[in-house]
Amino acid sequence: MVLVAAMVCASGSWAVVCLFERAARTRGMQRAGWHFLTAVAAGAAIWCTHFIAILAYEPGAPVTFDPVLTILSLLIAIAGTGAGSVVAASGLTRFTPALGGAITGMAIALMHYAGMFAYRVQGTIGWDMGYLIASIVLSVGLSAAAFHIVMRNFSRLHRYMSAAVLLLAIVTLHFTGMTAFQITPMLVDDGFSNPAAMQALALAVAIVALVIVGAGLASYLIDDSARSESLDRLRHMALNDTLTGLPNRASFADLLDHEIDLASETGGKVVLIGIDLNKFKDVNDLRGHGVGDMMLRVLGERLSGLTKEGEFVARTGGDEFAAVQRYVDQPTLEDFLDRLEQALFTPIAGHDFEIVPGASLGVAFYPDNATSREILINNADLAMYRAKANVAHHVCYYDQSMDDVVRARRTLANDLRAAIENNELDVYYQVQTSISTNEIRGFEALLRWKHPEHGFIPPSDFIPLAEENGLILQLGEWVLREACADAASWTPPYKVAVNLSPAQFVHADLTKLIIEVLMATGLPANRLELELTESTIFQDKERSFSVLRQIKALGVNIALDDFGTGYSSLEMLRSFPFDKIKLDRSFINEAEESLQAKSIIRAVLALGKSLKIPILAEGIETKGQLSLLGDEGCDEAQGYLLGRPIPIEQMLETGKISLIEAGTGRQLRTPRQPVKADDGDRDQTSRTA
């Protein structure tokens, strides 16, 4: 029975330490719940250990128990250990763990001696006060040490040590206390205790104690398992992409760092392959994001299944992936690239469609092409963008010349951003003239940028940069505001034509922006003409015509630019009543030499007359071209022969316009320093579109 008591005490001590440790780690109601389980398990273990050991004691006289004091001793054990665990885990001071342990030790002692007072035996009871005090001191001291140990460190070793010391506290209290307990038998009747019944009762108590302790441990283990599963789940979510299951950007960075460190130690090489899917945005736009996600999942499964030892593939962005291989030799790398291409170019079948994903791959080597992870990634991206621009090759290898070109473009993009922020751009104006009367009909606003170091930058260079770097909306809005503000101050009140870029046209607030600009500048709507190309409209014809109708309802004029070079010119004219058609300069350039070009010009002019839409010919550079257009009945012309693009200051100097006088509601503008345009800066490359 003493061995049974020891087993109950040992298992109970371990359970108490584990449950207390969990209570100390948690907060709020969870902490209260764990404290309750700690108190119940501790009270049951201590009380049952004491009760079983008492039943094992043979006083040589009949024994009974006072039920009230017996139950009270159990309650003392539960309440006292509960209070002790709450104090020990409170963290108020660094001494509170020991204080809580001391409270628990005192509860053990009170429970023991309350149980002893419940012990009824036919005999005289005496106490050895030395052993009694020693038992209390041992209980309090060892319990304080047990809680102090576990609160110092929540490691498994410290939990074992704490459980062992708590076991020692309970055992020393009981046996030292029992040594202090002295009985002189005095037989009053002939009845004796039934040893078999006592043993059965002790076993029943032990079973109940083990069930309670086991329930506490089960709660701990279930919570531990749930926490472990949650941590595994969180770790997987933190390191893997949720859609494809591939390593994510953070995991990719760690894995690549490991491979680079390994290559540095062994003198090997690492190959990084940047992967960008082709036309993934088109898939999302045409078939919806659900199909786009399905495509990414399929590619993720393919890519995760093709890797061998020393290789891995990660998803680093929306439609961007990266693959890494420990370089062995060129044939091994070529095999890896072939496997990647097969996974990326094999068609994906849907319910009623088939998608051929396709991708561009850029290859860079460490340490041949880079000295760090960041440079290696950057160089692989450069090679990938080169592959994207080269229709004939899906895979490109990095070389130094790429870096120089891209670095120059990035520098220029940063300079452009600064030029926009610092108002260093200019709007030039090119005159549009009536061919029959030579009267000025209006001016087209053209953007110019004079770089402080490189001089005039052609719009054909900086407009694509603005589109690539997300500056085109800001740039287009600035030109619109500047042109409308300038035109509002002109007299005579000529029209001003402003090009709309495709990015501006698809912007949801275009109509709202136009209204706001017209109101802010005071320019009448009928003096603003917006030019856009057929290709811009063709991207989404229904929406495009809806937006054009909203703009036209404001009174703003709409001109179809570069007519004859787009997708479906006649369909455009049939679907929407444009205010003007601008005949593309490519036909004008060949008009004097090419009979076909001249025939096309006649056909377009005849079409315009039949539809009652004025035609403006662009790029007039010779008198012969102007004479030809006049003979064929063209309405308006624009080009170097009639006037180069010039800033507003030169327009004032030439007398083409004057500003509204003071007192009419607008302040006279202070002319900016005239800037002479570069002769090589031709108007066909100057549109913001």
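Two residues are in contact when heavy atoms of theirs lie within 4.5 Å. Keep that in mind as we walk through this predicted model, starting with a single glutamine.

Leaving aside residues up to four places away in sequence, Q504 touches L473, G476, E477, N499 and L510. Q504 itself sits in helix α16, spanning residues 502-505. Is this glutamine buried or exposed? With a relative accessible area of 4%, Q504 counts as buried, because the cut-off for that label is under 20%.

Now let us step back to the whole chain. Of its 689 residues, 47% are buried, and its secondary structure comprises 24 helices and 22 strands. Among contacts with a separation of 6 or more, 72% link residues 24 or more positions apart. The accessible surface is about 32,600 Å², and carbon and sulfur atoms make up 58% of that area.

Next, have a look at one of the sheets. Five strands, in the order β6-β7-β5-β10-β11, form an open sheet with mixed pairing. At its edges are β6 (311-315) and β11 (395-397), each pairing on one side only. From one strand to the next, the twist averages 20 degrees. Within this sheet, β5 (residues 269-277) and β10 (residues 359-366) run antiparallel and are joined by 8 bridges. For example, I275 has L361 in β10 as its bridge partner. Helix α12 (residues 373-389) packs on the sheet, where it touches β5, β7 (320-327), β10 and β11. The direction of α12 makes about 145 degrees with that of β10.

How values were computed: Residues are numbered from 1 along each chain as its sequence is written. This is a predicted model: local features need pLDDT of at least 70, side-chain atom pairs count only at pLDDT 80 or more; totals for chains, interfaces and linings use all residues. Side-chain values use heavy atoms; hydrogens and water are left out. Helices (H or I, at least four residues) and strands (E, at least two) are DSSP runs, numbered from the N terminus. Buried means under 20% relative accessible area, exposed over 50%, partly exposed in between (1.4 Å probe, protein chains only). Accessible areas come from the Shrake-Rupley method with a 1.4 Å probe; for residues, only the protein chains shown count as cover. Two strands pair if DSSP finds at least two bridges between them. Axes are lines fitted to C-alpha atoms, for helices over the stretch in contact, and angles run from 0 to 180 degrees between N-to-C directions.
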